[in-house]
Amino acid sequence: MDTPVKTDISQLRVNGERLWASLMELAQIGATPKGGVCRLTLTDLDKQGRDLVTRWAREAGMTVTIDQIGNGFMRRAGRNNSLPPIMTGSHIDTQPTGGKFDGNYGVLAGIEVVRTLNDHGIETEAPIEVAFWTNEEGSRFVPVMMGSGVFAKAFTLEHAYAATDTDGKTVKGELERIGYVGEQVPGEHPIGAYFETHIEQGPVLEDNDKTIGVVTGVLGIRWYDCTVTGMEAHAGPTPMALRKDALQVAAQLMQEVVACAHRHPPHGRGTVGMVQVHPNSRNVIPGQVKFSIDLRNATDADCDSMDQDIRAVAAKLSQDSGLPIQIDLVSNYPAQPFHAECVEAVGRAAEKLGYSHMPAVSGAGHDAVYMARLAPSGMVFIPCKDGISHNEIEDAQPEHITAGCNVLLHAMLERAGT
């Protein structure tokens, strides 16, 4: 066999057609009639996906390690294997009505980086690793981002093992059934730096006609349950001035959730996604309304400010209406900024390669959130059509898929050394 000719690093580019073909082949495992993918975590289809990805890794000369929660680490050796690896990755499990790219792109982009290095005979100083994390989606088992969360000690292996699906099957039992319980203790695996390439899952890059999002961090999230208590009464005999209508007060507060986000730009988000009206009868004035509040922003300080804002508005509405309003915090996910050096590496790569780019924040959670607690981390976003994800019509352009992988390649090489 001829020895590959070493290429000038600055001219190095991935094989976009090969990457696209790999994405389409993986998408056949669990393919849906509408063109999407249903490959729930720890199912037989997930096993088939894992088997295919690890086969590709071994064919590329990588060694594969599986830990006790089923996370996979596919390693390409470097000149100095005592150095912690420069890692990339994502997940290959999907939503029930998932698309071809969410998660899958990040894993296969990593394998394409390795294939490209092999093609051109390039050896890195530090090892390169590609990870796939167990149960990122959380659609079959909770919590979400389970594998990376256990790895980062956000929760225990025992807690994850005990999680059950709707049929009562456990994570541990299903990992054992598909043969993906490894020996390595989660977290006992060094990481020098971590990069994750992902479709944006939002419309900002497309709206700004940019190819690359240089992700600076992930939004903090505050989830609340809000209860407005009034009094049920007959819709006909009760005059308007004498009503204690919980829904009318709740509706005002729901509008204020959206207004609160507008008061905290540019990254404020405010959503009411779930509403329960009691007694939910056509001719009864609502006596109680429970609804969810989802507030997000780029820093914990901004999230704190939004929390104070919405609570002050609720107190004023309660005083004006005379109806009690209770707001309970049920979940708090801190904002996660990414490491400046990794963010800058992504930006430099996009600039060097001539791709249009802009700063971006992630409004969704990713495995990179937990990795950022352990090592310098960053993310690369590419556009997805109409910002749609978690949907069978999720779509991305081949040229964007290639561009994001090229940026990943050069950002990783900067950290790994050649």
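A disulfide is a pair of cysteine sulfur atoms within 2.5 Å. Keep that cut-off at hand. The structure above is a predicted model.

**Exercise 1. Cysteines**

Solution. 
- Step 1. Take Cys342. The closest cysteine sulfur to its own is in Cys405, 17 Å away.
- Step 2. Compare with the cut-off. A disulfide needs sulfur atoms within 2.5 Å, so the sulfur of Cys342 is too far for a bond.
- Step 3. Take Cys384. Its closest cysteine sulfur is also in Cys405, at 17 Å, and that is too far for a bond.
- Step 4. Check the surroundings. Cys342 is buried, at 0% relative accessibility. Cys384 is buried too, at 2%.

**Exercise 2. Backbone exceptions**

Locate two cis peptide bonds and two residues with positive phi that are not glycine.

Solution. 
- Step 1. Most residues other than glycine have a negative phi, and most peptide bonds are trans.
- Step 2. Go to Pro265. Its peptide bond to Pro266 is cis, with omega near 0 degrees. Pro266 lies in the loop between helix H8 (246-262) and strand E9 (269-271).
- Step 3. Go to His278. Its peptide bond to Pro279 is cis, with omega near 5 degrees. Pro279 belongs to the loop between strand E10 (275-278) and strand E11 (284-285).
- Step 4. Stay in the loop between E10 and E11, where Asn280 is found. Asn280 is not a glycine, yet its phi is positive, about 60 degrees. At 63% relative accessibility, Asn280 is exposed.
- Step 5. Turn to Met145, in the loop between strand E4 (128-132) and H4. Met145 has a positive phi of about 50 degrees and is not a glycine. Met145 is buried, at 8% relative accessibility.

**Exercise 3. A glycine in H4**

Is Gly149 buried or exposed, and what does it contact beyond its sequence neighbours?

Solution. 
- Step 1. Gly149 is part of helix H4.
- Step 2. Read its accessibility. The value is 0%, so Gly149 is buried.
- Step 3. Set aside neighbours within four places in sequence. Gly149 then contacts Ala154, Phe155 and Tyr370.
- Step 4. Leu247 is 98 residues from Gly149 along the chain, and their C-alpha atoms are 39 Å apart.

**Exercise 4. A surface patch**

Which residues form a nonpolar patch on the surface, and where does Tyr333 lie?

Solution. 
- Step 1. Name the members: Trp223, Val330 and Tyr333.
- Step 2. Give their accessible area. Together they have about 270 Å².
- Step 3. Classify Tyr333. Buried means under 20% and exposed over 50%; at 34%, Tyr333 is therefore partly exposed.

Terms used. Residues numbered from 1 in each chain as written. Predicted model: local features only at pLDDT ≥ 70, side-chain atom pairs only at ≥ 80, totals over all residues. Heavy atoms only, no water. Patch = residues over 30% accessible without salt bridge, like charges linked within 9 Å, V, L, I, M, F, W, Y side chains within 5 Å. Areas by Shrake-Rupley, 256 points an atom, 1.4 Å probe, with all protein chains shown as cover. Salt bridge = Lys/Arg side-chain N within 4 Å of Asp/Glu carboxyl O. Buried < 20%, exposed > 50% of the residue type's maximum accessible area, 1.4 Å probe, protein only. Helix = DSSP H or I, 4+ residues; strand = E, 2+ residues; numbered from the N terminus. Contact = heavy atoms within 4.5 Å.
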